[in-house]
Amino acid sequence: MIFALILCLAVLLLVAGFEMLLVLGVPALAYKEMFYERLPDAAVVQKIVGGIDHSTLLAIPFFIFAANLMGSGQIARQLINVVKALVGHTRGGMGHVVVGGSMAFGSVSGSAPATVAAMGRMVYPELRKVGYSEKFSLGLLVSSAETALLIPPSITLIVYGWITGTSIAKLFAGGLGIGVVLGIAFSVYVVLQAIRDGVKPMPRMPWSERFKTIWDAKWALGMPVIILGGIYSGIITPTEAAAVSVVYAILVEMFVFRALDLKGLAKITEDSAINTSIIFVLLAIGGLISFFVTLAQVPAGIISFLDAADAGVIAFLIAVNICFFIAGMFIDPNSTLLILVPPLYPVAMSFGIDPVHFGMLVTLNVCLGMITPPFGLDIFVASSTLNKPVTKIIAGVWPFVIVNLIVLLLVTYVPEISLFVPKLIYG
């Protein structure tokens with residue numbers, strides 16, 4: 001009864017519009033007072049601080065900083081130009097540029113909202129110019145950005161790896177494969193829509209001009225090479241790669257492209273610090289929630305319930321997808337991970353599910369949550385960036401939600417899709 005009241009308190013705080021810090025923190029502290037009143041307050045503080053006392057998490061502020069640097073400078077634009085030179089002339093060309101550009105920007109940012117903001121300003125006018133409808137253009141921009149949560153360096157995968165202790169490098173390898181699969185699925189839909197709308201391809205660019213575009217973008221292309229090449233070769237860790245990406249972005253934007261001055265750097269630093277603080281406050285509260293989940297033996301209770309119901313791995317995976325899908329409709333990705341992964345991950349391991357496969361399933365669900373109303377974060381980012389009504393953006397994302405669900409179904413029940421690249425790289 002008391003537990004139900006605490007759960008209702010969390011729901012009321014969420015519906016009332018309180019910040020996620022309070023939505024997660026107040027019920028957690030109430031749970032402590034009701035069930036573990038003898039637990040010293042110092043232990044609570046220790047768990048909160050311990051929630052962010054992990055070197056792996058250093059990658060998050062660095063990648064956020066690097067993403068903001070690139071989105072404000074020339075690196076993002078040059079990456080898009082390269083994609084345009086390579087696929088712009090194909091059927092649905094500009095749509096493929098959006099998908100490929102989002103994947104390219106995601107490969108150096110790890111942030112879906114940053115991808116929406118950077119891509120939206122640059123490619124939305126061009127999508128409309130070549131003949132795509134407003135609804136489709138908005139839906140494509142918002143949805144394609146979700147590949148940034150899968151393509152390394154994904155902040156979502158870093159958080160999942162921190163919660164579960166799974167190798168970040170292996171998660172990045174799995175995310176690369178699933179990100180490509182999701183990108184291909186979106187591109188197939190782009191082709192169908194281009195045929196339906198009669199959108200003509202852009203003029204084929206001569207090879208000499210393509211080579212020139214690629215050469216001009218050599219500094220921009222150096223970023224994903226350093227990040228992905230360094231991580232997969234074992235030369236640097238993901239955290240070190242994040243730090244290197246910041247230094248590289250500052251040097252290139254300030255001294256090569258001259259697109260950034262000290263005043264701009266200070267503003268980007270301030271914005272990145274604010275974004276980082278928001279995430280780390282949630283992660284700190286998540287450490288406390290995980291502690292109480294363990295004390296309450298929630299995973300053991302779930303396993304006992306599934307055993308009593310004679311439910312197998314298929315039923316469990318369906319339940320996981322439903323839980324994450326519903327949660328993603330109302331709360332942000334990091335909060336979703338902090339609430340659901342601690343109790344569900346041990347159950348997944350008891351069924352013999354590979355941690356990388358489970359991570360891909362979780363991340364794809366988080367991708368869905370970012371574009372699913374009523375509170376899909378990327379919908380509101382696109383609305384503010386492009387000054388478009390939220391209702392129009394929501395109308396445009398539904399076909400892509402269906403595409404995403406099809407990919408999720410495949411990834412859920414065909415683990416080899418998630419594990420192919422990690423096995424290829426790490427054996």
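Reader: How many helices and how many strands does the secondary structure of the chain come to?

Author: A word on the source before the count: this is a predicted model. The chain has 21 helices and zero strands. Its radius of gyration is 22 Å, close to the 22 Å that the globule rule gives for 427 residues, so the chain is as compact as a globular protein of that length. Along the principal axes, the C-alpha atoms fill a box of roughly 70 × 50 × 45 Å.

Reader: Which residues touch the most other members of the largest nonpolar core?

Author: The general idea first. In soluble globular proteins, nonpolar side chains tend to be buried together. In this model the largest nonpolar core has 140 residues, and Ile60, Leu69, Phe316 and Phe358 touch the most other members. Leaving aside neighbours within four places in sequence, Phe358 is in contact with Tyr160, Phe316, Val320, Leu344, Tyr345, Ala348 and Ile353.

Reader: Which residues of helix 19 are buried, and what covers them?

Author: The buried residues of helix 19 are Asp378, Ile379, Val381, Ala382, Ser383 and Leu386. Their cover includes helix 7 (112–130), helix 8, helix 18 (355–371) and helix 20. Just after helix 19 comes Asn387, with a positive phi of about 55°.

Reader: How many salt bridges are there?

Author: The count comes to five salt bridges. One of them joins the side chains of Lys388 and Glu134, at 3.1 Å from N to O. This pair links distant parts of the chain: Lys388 is in the loop between helix 19 (377–386) and helix 20 (390–413), while Glu134 is in helix 8 (residues 134–144), 254 residues apart. Lys388 is partly exposed, with a relative accessible area of 22%.

Reader: Which parts of the chain does the salt bridge between Glu134 and Lys392 tie together?

Author: The side chains of Glu134 and Lys392 meet at 3.2 Å, N to O. Glu134 lies in helix 8 and Lys392 in helix 20, so this pair ties together parts that are 258 residues apart in sequence. Lys392 counts as partly exposed, at 40% relative accessibility.

Reader: Where do Lys212 and Asp216 lie?

Author: Both are in helix 11 (residues 207–216), four residues apart, which is about one turn of the helix. Lys212 forms a salt bridge with Asp216, and their closest N and O atoms are 2.9 Å apart. Lys212 counts as exposed at 51% relative accessibility, whereas Asp216 counts as partly exposed at 35%. Elsewhere, salt bridges that share partners join Glu134, Lys388 and Lys392 into one network.

Reader: Is Ser137 buried or exposed?

Author: Ser137, found in helix 8, is buried, with a relative accessible area of 0%. A polar atom of the Ser137 side chain lies 2.8 Å from the backbone oxygen of Ser133. Not counting residues up to four places away in sequence, Ser137 touches Tyr124, Leu127, Arg128 and Tyr132.

Reader: How many disulfides does the structure hold?

Author: A disulfide is a covalent bond between the sulfur atoms of two cysteines. The structure holds zero disulfides. Cys367 is in none; the nearest cysteine sulfur, that of Cys323, is 18 Å away. The sulfur atoms would have to be within 2.5 Å to count as a disulfide. Cys367 is buried, with a relative accessible area of 0%, whereas Cys323 counts as partly exposed at 37%.

Reader: What separates the C-alpha atoms of Ala273 and Phe65?

Author: The separation is 8.0 Å, though Ala273 and Phe65 are 208 residues apart along the chain. Ala273 lies in helix 14 (residues 262–295) and is partly exposed, with a relative accessible area of 41%.

Methods. Residues numbered from 1 in each chain as written. Predicted model: local features only at pLDDT ≥ 70, side-chain atom pairs only at ≥ 80, totals over all residues. Heavy atoms only, no water. Core = buried A, V, L, I, M, F, W, Y, C linked by side-chain atoms within 4.5 Å. Buried < 20%, exposed > 50% of the residue type's maximum accessible area, 1.4 Å probe, protein only. Contact = heavy atoms within 4.5 Å. Helix = DSSP H or I, 4+ residues; strand = E, 2+ residues; numbered from the N terminus. Salt bridge = Lys/Arg side-chain N within 4 Å of Asp/Glu carboxyl O. Polar contact = N/O pair within 3.5 Å; in protein donor to acceptor, adjacent residues only side chain to side chain. Rg over C-alpha atoms; globule rule 2.2 N^0.38 Å.
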